[in-house]
Amino acid sequence: MNLIWDKLSDVLLYSKQAPLLFNSGVFMSLFTIFLMIYALLYKNVFARTLYITVFSYYFYYKSSGAYVLIFIFSTLINYLAAQEIHHAAKASYRKRILILSILFNVGFLIYFKYTNFLLGNFDALLGDGKFKPLDIFLPIGISFYTFQTISYVIDVYRRSILPTRNVLDFAFYLSFFPQLVAGPIVRARDFLSQIPQNIVFSRQDMSQGLFMVLKGLFKKAIIADFLAQYVDIVYGNPAGYSGFEHLMAMYAYTMQIYCDFSGYSDMAIGLALIVGFHLPDNFRSPYNALDITEFWRRWHMTLSTWLRDYIYIPLGGNRHGEERQFLYLMITMLVGGLWHGADWKFVFWGGMHGLGLIIHKIFSQTARDLEWNQYFLRPLGWILTFHFVAFLWIFFRAESFTDAALAIRQMIFHLDFAYFPPFLKANGLVFLMMVLGYVIHFVRHEDKERLAEYYGTLPLLAKAAILILMIQIILQVQSENVQPFIYFQF
């Protein structure tokens, strides 16, 4: 009896050591049970909305524990704020409610994510040890759902959307479990209209959804998690590895973070499709970009467009001259960097991307005027862009500026390609996974779509065989514990 209760408590109760993850067997089992019940309810709009919302809150509880109560509180406050903004007659009153709502959301984010960062900086400036860090747990996904609530309230204020008909619809939109903890950042204007629609399951959507889930699992559980084992070793002791090993770690992490985050997005999009909803694309082969502007049109696209629409354009965009435009670009990217983490290395990462965007805008017109652009500048642009992005990922992964500087110094002053044969001998499978990741990434988008279409034509037994094969490969290459997604920390 105790054994049965222990198993039930593992499933039903939150564990800080084992949060519920898409790439875990527990989630797959729960999702299968969820689908069985969902098949009986999905034709009734109210029943399916309530059912998915309850499951989403349970999913968030299994990820963040009692912090689900804060999430519910935030949902209620933002729902009421949007209703008040919509029905208010006076423009000044509407604006006050908007400002208060933004301050409420940003205040929550600052408290949970940036309090200890601010205290640490105050203590470093004063140097007297008075500002001790607080024991604050960062709720998973708070950065994502905060941006969603802010965009929703602003869009209601701009009258570009109507507020939800009731609090349940808003709770459903904000808590929808596939995208709740790590995006994509879904706009209300793209999602709310789907809630009352009749869901008609097509073979194409179901196959596409399952294909996206399998693709995401492959990226995350096979490529990203395997590369993480090597990356973690190198960055865990940066002084103990040569410049060549650091170079390989840079290339490995460049692929790891892409496969990890885009793998989550693929699974989120796929799971949503399986239950009848559409989420926006979040990645489109970002390392194919020929310049840094194009990179940000391909990488984490829902964040890029959010920053553009709610920070860059409201600041002034390109409407006030080139110098002001560069300033607004830099501010936007600094905000984007800080959004990723409460650490100066993330601010630096964002600032360097802002500088890259500015430099590209300065020289892009000159480059376009050159007739030999496509024969020389295009491949050069790709090489520079890829290595600029890969180089900056060092600051993203390193534990500190000191470790990042050490890794860079090793690559500059102690890079010896004679290390390649022993590296290949000791880490042959790591190198193979890295090459496989890049090969898959650089496959043309049209060919990837054709592969998805071909998967949809396969018989059910073939699809089941592919799923079983995927599970077996994951079991063979995974480490002892299921690895959380990198962007859960943001």
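A residue counts as buried when its relative accessible area is under 20%, and as exposed when that value is over 50%. The model is predicted, and the values that follow are computed from it.

Asp309 is a case where the cut-off matters. This residue sits in helix 12, which covers residues 301-315. Its relative accessibility is 14%, so Asp309 counts as buried. Apart from neighbours within four places in sequence, the residues in contact with Asp309 are Arg158, Arg187, Arg189 and Pro314.

Burial also describes most of helix 7, residues 167-175, where eight of the nine residues are buried. These are Leu168, Asp169, Phe170, Ala171, Phe172, Tyr173, Leu174 and Ser175. What do the buried residues of helix 7 pack against? Their partners are helix 3 (45-64), helix 4 (68-87), helix 6 (142-157) and helix 8 (188-191). At the start of helix 7, the backbone nitrogen of Leu168 has a side-chain oxygen of Asn166 within 3.1 Å.

The open space comes next. The largest pocket holds about 1,200 Å³. It is lined by 43 residues, and those closest to its centre are Phe211, Met212, Lys215, Lys448 and Ala452. Two or more lining residues come from each of helix 9 (203-236), helix 10 (243-274), helix 18 (428-442), helix 19 (445-457) and helix 20 (460-477). Helix 9 gives the most to this lining, with twelve residues. By residue class, the lining of the largest pocket has 21 nonpolar, eleven polar and eleven charged residues.

Note on methods:
Residues are numbered from 1 along each chain as its sequence is written. This is a predicted model: local features need pLDDT of at least 70, side-chain atom pairs count only at pLDDT 80 or more; totals for chains, interfaces and linings use all residues. Side-chain values use heavy atoms; hydrogens and water are left out. Buried means under 20% relative accessible area, exposed over 50%, partly exposed in between (1.4 Å probe, protein chains only). Helices (H or I, at least four residues) and strands (E, at least two) are DSSP runs, numbered from the N terminus. Contact means heavy atoms within 4.5 Å. A polar contact is a pair of N or O atoms within 3.5 Å; within protein, one must be able to donate a hydrogen and the other to accept it, and residues adjacent in sequence count only if both atoms are side-chain atoms. On a 1 Å grid over the protein atoms alone, a cavity is a set of points where a 1.4 Å probe fits but cannot get out, and a pocket is an open set with protein on both sides within 12 Å along at least five of seven lines; lining residues have an atom within 4 Å of a point. Grid points are joined across faces, edges and corners, and a volume is the space filled by probe spheres set on the points. Ala, Val, Leu, Ile, Met, Phe, Trp, Tyr, Cys and Pro count as nonpolar, Asp, Glu, Lys and Arg as charged, and the others, Gly among them, as polar.
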